Amino acid sequence: MDQRISFLTLAVRDLDASRSFYCDGLGWVADLDVPGEVLMIQAGELLVLSLWDESAFEAEVGPIARGPGLAPFTIAHNVATREAVDAVLATARAAGADPVHSGQEREWGGYTGYFGDPDGYRWEIAWNPGPIGQKVLP
């Protein structure tokens with residue numbers, strides 16, 4: 001696995017308020033804006049900040065820690081192929097990652113799986129064939 005982060009995804013309670021803060025307040029420019037779902041902002045040469053409506057986040061990743069559950073964000077590592085998703089997940093499993101969620105086709109057209117690091121932080125391993133996914137590949 002390359003030593004890099006592709007996406008930083010944060011679950012947000014109010015996407016409109018987040019859009020107002022980042023885009024209007026800070027002057028950042030959205031690269032992808034799907035009202036009610038997600039706002040993606042290129043935050044570095046190969047880094048995208050993804051602000052994801054928390055209900056959509058929970059539907060894909062799992063419960064947000066409002067007590068028990070996951071921290072409401074993932075660290076994403078994007079790869080060039082579906083096969084690479086599976087290979088990185090196998091490497092993570094071999095390294096002791098727990099849990100490891102196998103790769104699966106997503107309704108938005110990509111293929112992703114997840115693993116937990118020793119502290120439970122969730123890494124998403126993703127093949128994203130769309131333009132926003134291509135921005136983060138070296």
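Modeller: Buried means under 20% relative accessible area, exposed means over 50%, and partly exposed lies in between (1.4 Å probe, protein chains only). This is a predicted model: local features need pLDDT of at least 70, side-chain atom pairs count only at pLDDT 80 or more, and totals for chains, interfaces and linings use all residues. Residues are numbered from 1 along each chain as its sequence is written, and side-chain values use heavy atoms, with hydrogens and water left out.

Biologist: How many aromatic pairs does a search of the whole structure find?

Modeller: Rings of Phe, Tyr and Trp (its six-membered ring) pair if their centres lie within 6.5 Å. Planes under 30 degrees apart are stacked, over 60 edge-to-face, the rest tilted. Searching the whole structure gives a count of five.

Biologist: What kind of aromatic pair do Phe-21 and Tyr-22 form?

Modeller: Their centres are 5.0 Å apart. Their planes stand at 90 degrees. Planes over 60 degrees apart have a set label. The pair is edge-to-face.

Biologist: Is Tyr-22 buried or exposed?

Modeller: The relative accessibility of Tyr-22 is 18%. The limit is under 20%. So Tyr-22 counts as buried.

Biologist: And which class does Phe-21 count as?

Modeller: Phe-21 lies in helix α1 (residues 15-25); helices are DSSP runs of H or I, at least four residues, and strands are runs of E, at least two, numbered from the N terminus. Its relative accessibility is 47%. Therefore Phe-21 counts as partly exposed.

Biologist: What is the relative accessible area of Phe-57?

Modeller: Phe-57 pairs edge-to-face with Trp-52, at 5.5 Å centre to centre and 75 degrees between the planes. Trp-52 is buried at 15%. Phe-57 is buried too, because its relative accessible area is 0%.

Biologist: Which residues does Arg-106 contact, leaving aside neighbours within four places in sequence?

Modeller: Arg-106 lies in the loop between β6 (100-105) and β7 (111-116). At 16% relative accessibility, Arg-106 counts as buried. Contact means heavy atoms within 4.5 Å. The partners are Glu-60, Thr-112 and Tyr-114.
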